[in-house]
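Biologist: I'd like to learn how to read strands and sheets in a model like this one. Could you walk me through it?

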Amino acid sequence: MTIRNTLLTRVVTKRAKQLSAGSMMALCLGASAALVPFTLHAQNFESTQRQTLDSVVAVVNEGVIMRSELDDRIQQVEQQAEAQGGNLPPRSQLAQQVLERMVMDEIQLQMARQANLSVDDTELNRQLRTIAESNGMSLDEFADAVEADGMSLADVREDIRREMLMRQVQQRRISQRVSVSERDVERFLSQQGTQQGQSFIEETQARHVLVELTPTRDENQARARAEQARQRLQQGDDFAAVAREFSDDRGSAMNGGELGWVRPGQTVPAFEEAMGSLDPNQLSEPVRSQFGYHIIEVLERRRQDVTDESRREQVRQAIFQRRANEELQVWQREIREQAFVDIRL
């Protein structure tokens, strides 16, 4: 699995909202009812009722996640699953899974705000265009597809902006924790049996679906969900649609599970070994790595001519990428444990 710049359609966290004064309004209405026309009283009551029905489902440091935000996100997941014929866990379990993802996003967004990070419109538009093109669409076609899924392009833009902010935080923190020495490069080249002057490298074009283990999804449940995704693919379902529905790899899911051209050392050993054993257009069994269960498909292989120096640089980048992916999981667990989180489901 690689950290990529493509993004999921929907980022589950919204900026925390402050609680309204709805409860105080409800107290005041009783004392002043005789002074207010009945129709206005009714309108105020309905408005107040809508406000007080909302509630906090999680406190995350200085921020909150509201019930309405969680419900909106769950509804999006349910609509996508229904449109793609997918099955979801019971709603209570789904709510816990979605809320946990929202909590993680909120922690990272708070870190981005504290670091004064930002994404300008030029960067955002470039990323939006990249996502559209990676799905074989123009911007207009992408906007139509978004609206057909019941979303607005403005909301998607803000979701992508937040995802880009989180990516900035991750890159800043992880780059400080990962290093690759010349000895690491030499060891890798030695293990690969690379001779001085050899001028090619084998690349594999692959895609995958990743099912993570979560606090509400154990080993057996994760494997069963991966098996379900594999069955859908064997039945002829579109890989991109299955990836968007099932995959927890947020970097590749929006891109239909595509990982692009992968080089030796760029993925974790379990993934690389399984990928190397597949023929083009062959689907793997569920493959267990430290990230969860993968369903992998190899699309094509090729040899790329490279000079010795460029090969060393490619190996260095591949080792860094693999270590960064591993370190990202560790770092996210750490910031989750260090944050103050009060779940109120």
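Predicted model: local features only at pLDDT ≥ 70, side-chain atom pairs only at ≥ 80, totals over all residues.

Biologist: Which strands pair with β3, and in what sense?

Modeller: Two strands count as paired if there are at least two bridges between them. Here β3 pairs with β6 (residues 292-305) over 12 bridges, in the antiparallel sense. Take Phe200: its bridge partner in β6 is Asp305. β3 also pairs antiparallel with β4 (residues 258-262), this time over four bridges. There, Thr204 has Val262 of β4 as its bridge partner.

Biologist: And what is the strand order in the open sheet of three strands?

Modeller: Read it as β2-β1-β7, with antiparallel pairing. β2 (63-66) and β7 (341-343) each have a single partner strand, so they stand at the edges, and one side of each lacks a neighbour in the sheet. From one strand to the next, the twist averages 20°.

Biologist: How many bridges join β1 to β2?

Modeller: Four, with β1 covering residues 56-60 and the two strands running antiparallel. For a landmark, look at Ala58, which stands opposite Ile65 in β2.

Biologist: Which helix packs on that sheet, and how is its direction related to that of β1?

Modeller: For packing, look for contacts, meaning heavy atoms within 4.5 Å. Helix α4 (residues 91-114) packs on the sheet and touches β1, β2 and β7. The direction of α4 makes about 40° with that of β1.

Conventions
Residues numbered from 1 in each chain as written. Heavy atoms only, no water. Axes fitted to C-alpha atoms, helices over the stretch in contact; angles between N-to-C directions.
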